[in-house]
Amino acid sequence: MKKLAILGGEPIIKNEIPSELQTMMKWPIINEEDEQAALDVIRNNSYSGVDITEKFEKEFAEWIGTNYAVAYCNGTMSLAAAMFAIGLCKGDEIICTTKTYWASIAQASTFGASVVFANVNDMLSMDPDDIERLISPKTKAIMVVHYISYPCDMDKIMAIAKKHNLKVIEDVSHAQGGMYKGKRLGTFGDVAAMSLMSAKSFAAGELGIVVTNDKRMYERAMAYGHYDRNNENYITESEELIPYYNMALGGVKGRANQLCSALARVQLKYYDERCAEIRKAMNYFFDLIEDLPGLKPIRVDESTGSNNAGFYCAGVAYYPEALHGLPASVFANAVNAEIGGGQKWISFGANYCLHTHEFFQTFDFDQSGKPSRIANASRDVRQFDEALQASVDKQSVSAPRIRRYNKEWIEKFAQAFRNVVDNHEQLLYSIDDEEKTGGRWFGFDNQ
Ligand SMILES: Cc1ncc(COP(=O)(O)O)c(C=O)c1O
């Protein structure tokens, strides 16, 4: 029996973190080409132009497979532009998964729309079988999020949207370049938007982008936050926009900084190749831990033509009942100690469920005296929140963020998981002791 490192046993990293391990985890990969592209922007003072951004938009649209792309200063703005593109407005309802980052959907409140949250399944992905119960005559759209890189079930979601005549926006911030049955994510809905900020798989500083095949949606997305591009060069078909040339119609400025567009152009060139290596590495890691009780890797079956893109924030569904009720937080701390090096290699949980946040319960954006989420609604959509407890109850831990294929270290990471599972009963004694004294779980550090 191995004594777990969190209880004083030997960790895998005994001294400094080896440089090959640092290389394996480092992201994004920046080389001289990125540096030169950035320097050109700095030297030419061309941050605020659009020439580089236009090139990036064209290349990105070609790569993802849509007719149009519009870059924005960040993903949050690009998602707001997508909402404007579909014509989201006062009194509309929009269905969104409850497990996502706030920027997938919080902007709906400023459009006067009501967010109706849907449950997630075990892969923490929007449960398509939970959507129809949420539809009302006011439902305008579904916000689909390919959460932590796992592609949503687009066949089912698009069929529901078609049946009920709903628009679909895809938030691809966690899955740029990912595939669903042989087609890129972001090309299924009416419009898609995504973050390309520095922590993402597609990392280009601070940037966002909207993609669509629909000219009118493109024009609306463009006009929302670009006063300098709301003109005859871009807006030609949307008659409702034409009288308002030279204004940003959302009253916001969302222009992309060309420093980021320049980086994005270089990143795009190598992106698919780099993601393929990430998938090789992460799939090997998941193969090694797949048989462990209580753990189920959050990954799609690649034989269907789908994939997890760059495995952004890759996760593992966690079932404490298979490990004598050991909480995911304790499990994660024990794995971190087992690997060693004083790093938080993994964490427990993912984003909290949005419907539990006070913002979606009480926040009154325009001081109307009513919570904004329901201020213009014909029903109190919050009454459905209790049906979302199933999502709150789901537990998960993250996987180590492996970015390069290094067989030896991947095996060591997997061994750390295995050590904790095989010896988890050592932690249960500690938990009991802590409980007796009214203390915290052993190893819990308020993550
Ligand atoms: C799912 C999701 N949507 C939207 C965003 C917002 O993107 P940004 O930070 O670029 O504004 C993020 C996070 O950054 C995200 O994780």
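## Ser-78 and its surroundings

The side chain of Ser-78 gets to within polar-contact range of a backbone, sitting 2.7 Å from the backbone oxygen of Gly-75 (a polar contact pairs N or O atoms within 3.5 Å; within protein, one must be able to donate a hydrogen and the other to accept it, and residues adjacent in sequence count only if both atoms are side-chain atoms). This is a predicted model, where local features need pLDDT of at least 70, side-chain atom pairs count only at pLDDT 80 or more, and totals for chains, interfaces and linings use all residues. Residues are numbered from 1 along each chain as its sequence is written, and side-chain values use heavy atoms, with hydrogens and water left out.

Ser-78 belongs to helix α4, residues 75-86 (a helix is a DSSP run of H or I, at least four residues, numbered from the N terminus). Ser-78 counts as buried because its relative accessibility is 0% (buried is under 20%, with a 1.4 Å probe and protein chains only). Setting aside neighbours within four places in sequence, Ser-78 touches Tyr-72, Ala-193, Met-194, Gly-208, Ile-209 and Val-210 (contact means heavy atoms within 4.5 Å).

## The largest pocket

The largest pocket has a volume of about 630 Å³ (a pocket is an open set of points on a 1 Å grid over the protein atoms alone, where a 1.4 Å probe fits, with protein on both sides within 12 Å along at least five of seven lines; the volume is the space filled by probe spheres set on the points). Its lining takes in 37 residues, and His-174, Lys-200, Tyr-312, Cys-313 and Asn-351 lie nearest the centre (a lining residue has an atom within 4 Å of a point).

Technical notes: Helix = DSSP H or I, 4+ residues; strand = E, 2+ residues; numbered from the N terminus. Buried < 20%, exposed > 50% of the residue type's maximum accessible area, 1.4 Å probe, protein only.
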